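Here is a short briefing to read alongside the model. Have a look at the structure first, then work through the points below.

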Amino acid sequence: MTDTAIQLGIVGGYMVLAAAIGVVAYRLTDRTAEDYYLASRTFGTVVLLFTTFATLLSAFTFFGGPNLTFAQGPEWLLVMGLMDGIIFAVLWYVLGYKQWLVGQRHGYVTLGEMLGDRFGSRLLRGLVAAISLFWLFPYVMLQQKGAGQAIVGLTDGAVPFWVGAGGITLFMIVYVAVSGMRGVAWTDTLQGIVMLGLIWAAVAWILSAVGGPSAATARLAETDPEFLALGGGLYTPEYILSTAISIAFGVTMFPQINQRFFVARSQKVLKRTLALWPVLVVLLFVPAFMLGAWAAGLGVTVPENGNVIPAVLNEYTAGWFTAAVVAAALAAMMSSSDSMLLSGASYLTRDLYRPVTDLADEELTLPARTSLVGRVRRSLLGLAVSIGRLLRSDQDREALLARAGVVVFATLSFVASLSAPGTLVQIGDTAFGGFAQLALPVIVALYWSRTTRWGMYAGIGGSQLFYLASVFLSGVPQSYLGGWSASVVCMVLGLALTVGVSLLTSASPGEDASLYSVSGVDGD
């Protein structure tokens, strides 16, 4: 049997195992939308920790980050290996714990539901969902692009990019649509354990082949002494802080991460997960990113548009082991993508479709218009209401709509990945910055009862527009004040607008600050 066949067999075997877990989860899943989206809020510490951990890890972790350390040096560890682990753990408590308490009291499934109820605004609910889906799309695309590149690198081009990316996408569609959150979390737990074990085994194998970490580091210093010098070049203090802040705050607003703030079984589970999170981050990021840096000193040749991790594994380990590690990397991509697809579907159905049909239902109670346009419009509204009532009359049907949303979202992002410009790092960094703009207005809303609907509109809308301009318009700077990224500057703008406009406006009809009062919630 050829090496390619063995390698594809290992990857395929892993996917079959993950699919089997999904089938078991499906048999244990209640046929309700809440169970499909949140597994009825029953996760314990181990499952919550590993599903959050594995969901965050992605093509960016296994390929984008090591590629950057290969090109620029190991200081990227300061950004994601240390600072992000700590900042996100703090945010987990500040934002996630309060969100869990509010969700326990009111049964929220999405961030949009939580904000829409508090401020009595369908528009705000839809705006948050639309922004989240807009930035989620390129990040799902990143996973598919990374999967295609991984298969190409593993098989030396024998399997083309579109076949690898398409196969992984099809597999994800099937098991996400079937198993829902419970299956996703169980496979995430398996994937997280496999990823940790294999990346450390890879480090041990390669270092034993080159004489240990001291020898690998010495060869790196001989090749390029600047790699081991802190500061200078790309890694200015402003760059490191900007990137760490943008990624950590962005992570808290990723739909697949944010929804995990709702699923913990108890307060104790949430707090234990918070304490263990930075440990897992360091245990994975340090070996993965150091492999990329050491590869620069070992003279590893990376193919054009390729990734350093498969290249260094092919150079120093057996073909079957390379396949196993790439399978772990694919697991990282799938553990991100499956949760993204599930969360994206919940935002589509609950925060966009439901409010539209509710609004149509209300408008149909108004006097009918006699014009042709008015009659056509009323007919369309009536159709939307009929479909909406049909779906909401049975939670099975809402879950079915969510599954359809998974298929559509995954298919569109796959098609886009076939011609997506930019590197994995560029795509991921852009999406992190977009999500980060939501974080500070949400924190203000959770903790400051004086926050108003108009303050939220201004804070979220203003920061998003400024950030979009910095991304897509060449005339708008991407950094300020000596190197602070546009993402962080936009976050500060969003905070100022949220607070400032709230101070200048009063609460509108329908706003209810008491919804975020959680003194009576049982946290045990």
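The protein in this predicted model exposes about 20,000 Å², and carbon and sulfur atoms supply 67% of that area. Of its 524 residues, 56% are buried. The protein has 19 helices and two strands, and residues 24 or more positions apart make up 86% of the contacts with a separation of 6 or more.

**The nonpolar core**

- The largest nonpolar core has 143 residues, and the members that touch the most others are Met-114, Leu-115 and Leu-330.
- Helix α8, which spans residues 161–210, gives the most to this core, with 18 residues.

**Helices α18 and α19**

- Helix α18 (residues 453–472) packs against helix α19 (residues 486–504) at an angle of about 160°, and their axes are 7 Å apart.
- Angles over 145 degrees count as roughly antiparallel, so α18 and α19 are roughly antiparallel to each other.
- The crossing in which α18 passes α19 is right-handed.
- On the α18 side, the contact includes Trp-454, Gly-455, Met-456, Ala-458, Gly-459 and Phe-466.
- On the α19 side, the residues in contact include Val-489, Cys-490, Leu-493, Gly-494, Leu-497 and Thr-498.

- Thr-451 sits in the loop between α17 (424–447) and α18.
- Is Thr-451 buried or exposed? Its relative accessible area is 2%, so Thr-451 is buried, as the cut-off for buried is under 20%.
- Leaving out neighbours within four places in sequence, Thr-451 is in contact with Arg-118, Phe-119, Val-444, Ala-445, Met-456, Thr-498, Ser-502 and Glu-511.

**Helices α12 and α13**

- Helix α12 (residues 267–297) and helix α13 (residues 308–316) cross at roughly 70°, and their axes come within 10 Å.
- Angles of 65 to 115 degrees count as roughly perpendicular, which makes α12 roughly perpendicular to α13.
- α12 and α13 have a left-handed crossing.
- Helix α12 makes this contact through Ala-288, Leu-291, Gly-292 and Ala-295, while α13 uses Val-308, Ile-309 and Val-312.

Conventions. Residues are numbered from 1 along each chain as its sequence is written. This is a predicted model: local features need pLDDT of at least 70, side-chain atom pairs count only at pLDDT 80 or more; totals for chains, interfaces and linings use all residues. Side-chain values use heavy atoms; hydrogens and water are left out. Helices (H or I, at least four residues) and strands (E, at least two) are DSSP runs, numbered from the N terminus. Buried means under 20% relative accessible area, exposed over 50%, partly exposed in between (1.4 Å probe, protein chains only). Contact means heavy atoms within 4.5 Å. Accessible areas come from the Shrake-Rupley method with a 1.4 Å probe; for residues, only the protein chains shown count as cover. A nonpolar core is a set of buried Ala, Val, Leu, Ile, Met, Phe, Trp, Tyr and Cys residues joined through side-chain atoms within 4.5 Å. Axes are lines fitted to C-alpha atoms, for helices over the stretch in contact, and angles run from 0 to 180 degrees between N-to-C directions. Angles under 35 degrees count as roughly parallel, over 145 as roughly antiparallel, 65 to 115 as roughly perpendicular and the rest as oblique. A crossing is left-handed if the near helix is turned anticlockwise from the far one by less than a right angle, and right-handed if clockwise.
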